[in-house]
Amino acid sequence: MKRNIELEKLQRNVIDCRKCPRLVAYLQEVSNHKPRRYRDWDYWSKPLPSFGDPDARVLIIGLAPAAQGGNRTGRMFTGDRSGEWLFGALYHFGFANQPNSLQSDDGFKLDDCYITATIRCAPPKNKPLPEEIENCRPYFLEELDLLKKVQVIIPLGQIAFTQTLKSLRLKGYDVPALSFGHGKLYLVSRKFPTPVGNGLKPFPTELRTISLMTTYHPSQQNTQTGKLTRAMFHRIFRMVKKRLEVEG
Ligand code: SF4
């Protein structure tokens, strides 16, 4: 896997970020009040960097780290129930080398896939405030620029979907009002100027199209109630595979 120095620098900045005082205080509180089952863990309790293959064609966007999951282990979705579903599906469809990951040093690797989130600090009750989402958005916008090969974006759940649409609009994508549901596919495009010599062509000429796939979030709330079944979740990744075949 090739390194992307800019992306690595961005993730180091994320780890140092303290823009949201409520979340900084909450992370401290979480590590001061660990549940018994995790009392021997040295909690990460900082913003979580995104991770994966910098040449990925598939970008997955979570909502926020789980206080006792990724926030404990130091890697998104690692050691939590949603991660068990997500990593299981990624392994099944060839995007990961292991069916699950419980700690960040267990050799788990993504291939052709990158995982990020709407916000990178665990919020109380899994509910980020609108201003916290806005504080975190610039990191995602920068990732969109740096992950140049992304063809398919999968926001997990409705909030991530809504926020992804907003970010894509800010990046100049032509995104109409789109409805959320499970298993929908939308194509969104943008034109942007092509560099020529030292300047830019006067009119936008290059086109980039992203396939946006919708899915319910693999949260326990959805998976334990049957709102999201394994078959439904895997159907999304079958659609992703098909899309990648079509787009090449
Ligand atoms: S949620 Fe994002 S912007 Fe807020 S402190 Fe964490 S990393 Fe920084």
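Are Phe233 and Phe237 buried or exposed? Select both and see: Phe233 and Phe237 are buried (under 20% relative accessible area; exposed is over 50% and partly exposed lies in between, with a 1.4 Å probe and protein chains only).

Before you go on, note that this is a predicted model, where local features need pLDDT of at least 70, side-chain atom pairs count only at pLDDT 80 or more, and totals for chains, interfaces and linings use all residues. Residues are numbered from 1 along each chain as its sequence is written, and side-chain values use heavy atoms, with hydrogens and water left out.

**Stop 1: the aromatic rings**

Stay on Phe233 and Phe237. Both sit in helix 8 (residues 230-247), four residues apart, about one turn of the helix. Helices here are DSSP runs of H or I with at least four residues, strands are runs of E with at least two, and both are numbered from the N terminus. A search of the whole structure turns up seven aromatic pairs. One of them is Phe233 with Phe237, an edge-to-face pair with 5.3 Å centre to centre and 85° between the planes. For the terms: rings of Phe, Tyr and Trp (its six-membered ring) pair if their centres lie within 6.5 Å, and planes under 30 degrees apart are stacked, over 60 edge-to-face, and the rest tilted.

Next, show Arg230, which lies over the face of Trp85, at 4.1 Å from the ring centre. That label needs NZ of Lys or CZ of Arg within 6 Å of the ring centre and within 35 degrees of the ring normal.

**Stop 2: Trp44, Ser45 and Lys46**

Jump to Trp44. Lys46 lies over the face of Trp44, again with 4.1 Å to the ring centre. Then click Ser45, in the loop between helix 2 (21-32) and strand 1 (51-52). Its phi is near 45°, a positive value in a residue other than glycine. Most residues other than glycine have a negative phi. Ser45 has 17% relative accessibility, so it counts as buried.

**Stop 3: Lys125**

Lys125 also has a positive phi, about 55°, although it is not a glycine. Look for Lys125 in the loop between strand 3 (113-117) and helix 5 (130-146). Lys125 is exposed because its relative accessibility is 75%.

**Stop 4: the ligand**

Which residues are around the ligand? Select Cys17, Lys19, Cys20, Leu23, Pro47, Arg120, Cys121, Asn135 and Cys136; each has a heavy atom within 4 Å of the ligand. Colour them by class and you get six nonpolar, one polar and two charged residues. Here Ala, Val, Leu, Ile, Met, Phe, Trp, Tyr, Cys and Pro are nonpolar, Asp, Glu, Lys and Arg are charged, and the others, Gly among them, are polar.

**Stop 5: two distances to draw**

Pick Gln151, in the loop between helix 5 and strand 4 (152-155). Gln151 is buried because its relative accessibility is 16%. Draw a C-alpha to C-alpha line from Gln151 to Ser211: 6.1 Å in space, 60 residues apart in sequence.

Finish at Leu170 in helix 6 (residues 158-170). With a relative accessible area of 55%, Leu170 is exposed.
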